[in-house]
Amino acid sequence: MSVVCLRVPFLLVCCLCVAAGARIFSLAAVLPPSDAQRPGSAHAGGTAAEAGMACSLAAFVHSARPGMALRRACLSAFVPHQQQLGRSILPRMAPSPPSGARGLAGSSSEGASADSVNKKPPRPRAGGRGGGNRKKAPQFQGPLPSAGLDGIIAVHKPTNWTSFDVVAKVRSTLNRHVRDLNPDCTPKQCRVKVGHGGTLDPAATGVLVIGIGKGTKAMDLYTKGSKEYRAVGTFGFETDTGDAEGVQAGDSMEYGHVTKEKLEEALKKFVGDIQQVPPQYSAIKKDGKKAYELARQGVDVVMEPRAVTIHSLLLTRAHSDTDATFEIEVSCGGGTYIRSLVRDIGRELDTKAHMSALVRTVQGEFTLDDCVDMEETYDASNILNAIEKCAERLDTKLG
């Protein structure tokens, strides 16, 4: 009950404030500025008294912090909607208001009205979200700064680098080179398109064909055909990934009965068109996901046999009593997994084997002699020179 009694006088005072404010602005809108400001005017006394009372009541309401609805009502009574400041119900005062009539009109000598005094100058808008003076990107009428960087190169991929890592390194080097030549351009305008022509496992090394600019669409013309590898196999056990990166899968098996002659005879059975079961840890899609993603989750992925072609398979070094490793050279078509080939060679000889090293020596028209070392890709000039050399050797122009 006491709270209600206190609120009633407060509401009455606020209503008086609203009424007084509305009266003042109605008078200010009807009377010329000179009549409201002249001390001898018939309206000057009443207007000045009402203005003083209204300002006092407005200060009271402002300090009392009433509810949002009442604050908005008071604000609408004192300040026109287009001039509301949003933070205070008090109208903005003129720089030099006349005595007794603060906030009604500005100085008559300057001819400024309350609207011109209260109106804030428009703020300059920034170029984008978040504010700040952002530099507007230049509008290119012709080709972008990255135009002309078109070609194909071969990179000698080092071990523990993925194929995407090599692509990302070449791209970043060329992007930085284009930005240095065109400092006024945005990073997006200086972006260079880069891609690779065939994935190599992180543990493998050798030829990785890289397309730059328009060369990304022409890579297939120069990577078609056979691929050649040098692989090292190890007798004794298999791994879950098929290479030395994985963990041993199953028990070990003896390989003492395997001779060089038996190994050479076994290799002949894999030449030609064969059916090969890819390893679980591969990028082949199974149920919409890559097989290696499912395998890492502990899912037992069943891989179906695929048709592949082995053009030639030669034994370059046989194993020994003290060394379980052997080396082979393989020339094959696309889609062949050397890991699976080494695994199947071991099973053919009634033992187990896994691939312990792999080097791609040829991919399409490119050999190891055509490759740029990974360290050279840190300098854009080396990449540009490699593009010119490959274009001369392949006698191609990407226009």
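A polar contact is a pair of N or O atoms within 3.5 Å; within protein, one must be able to donate a hydrogen and the other to accept it, and residues adjacent in sequence count only if both atoms are side-chain atoms. The model is predicted, so local features need pLDDT of at least 70 and side-chain atom pairs count only at pLDDT 80 or more, while totals for chains, interfaces and linings use all residues. Residues are numbered from 1 along each chain as its sequence is written, and side-chain values use heavy atoms, with hydrogens and water left out.

View 1. Strands (E, at least two residues) and helices (H or I, at least four) are DSSP runs, numbered from the N terminus. The side chain of Thr-239 reaches the backbone nitrogen of Gly-242 at 2.9 Å and the backbone oxygen of Asp-243 at 2.8 Å. Thr-239 is buried, with a relative accessible area of 10%; buried means under 20%, exposed over 50% and partly exposed in between (1.4 Å probe, protein chains only). Beyond four places in sequence, Thr-239 touches Gly-246, Val-247, Gln-248, Ala-249 and His-354, where contact means heavy atoms within 4.5 Å.

**View 2. Thr-241 in the loop between β5 (238-239) and β6 (248-249).** A polar atom of the Thr-241 side chain lies 3.1 Å from the backbone nitrogen of Gly-246. Thr-241 is buried, at 11% relative accessible area. Leaving aside neighbours within four places in sequence, its contacts are Gly-246, Pro-279, Tyr-281 and Arg-339.

**View 3. The buried side of helix α8 (residues 260-268).** Leu-263, Ala-266 and Leu-267 are the buried residues of α8. They lie on the same side of the helix because they cover an arc of only 100° around the axis, the arc being that of the directions from the helix axis to the C-beta atoms. An α-helix has 3.6 residues a turn, so residues three or four places apart point the same way. Glu-261 and Lys-268, on the other side of α8, are exposed. The buried residues pack against β4 (227-235), β10 (306-317), β11 (325-332) and α10 (338-348).

**View 4. Aromatic cluster of Phe-235, Tyr-255 and Phe-326.** The structure holds two aromatic pairs. Rings of Phe, Tyr and Trp (its six-membered ring) pair if their centres lie within 6.5 Å; planes under 30 degrees apart count as stacked, over 60 as edge-to-face and the rest as tilted. The rings of Phe-235 and Tyr-255 are stacked, with centres 5.9 Å apart and planes at 20°. Phe-235 lies in strand β4 and Tyr-255 in the loop between β6 and α8, so the pair ties together parts 20 residues apart in sequence. Phe-235 is buried, with a relative accessible area of 2%.

**View 5. Val-209 in strand β3 (residues 205-212).** Val-209 is buried, with a relative accessible area of 0%. Ile-152 is 57 residues away from Val-209 in sequence, yet the two are 7.1 Å apart in space, C-alpha to C-alpha. Not counting residues up to four places away in sequence, the residues that Val-209 touches include Ile-152, Ile-153, Ala-154, Met-219 and Phe-366.
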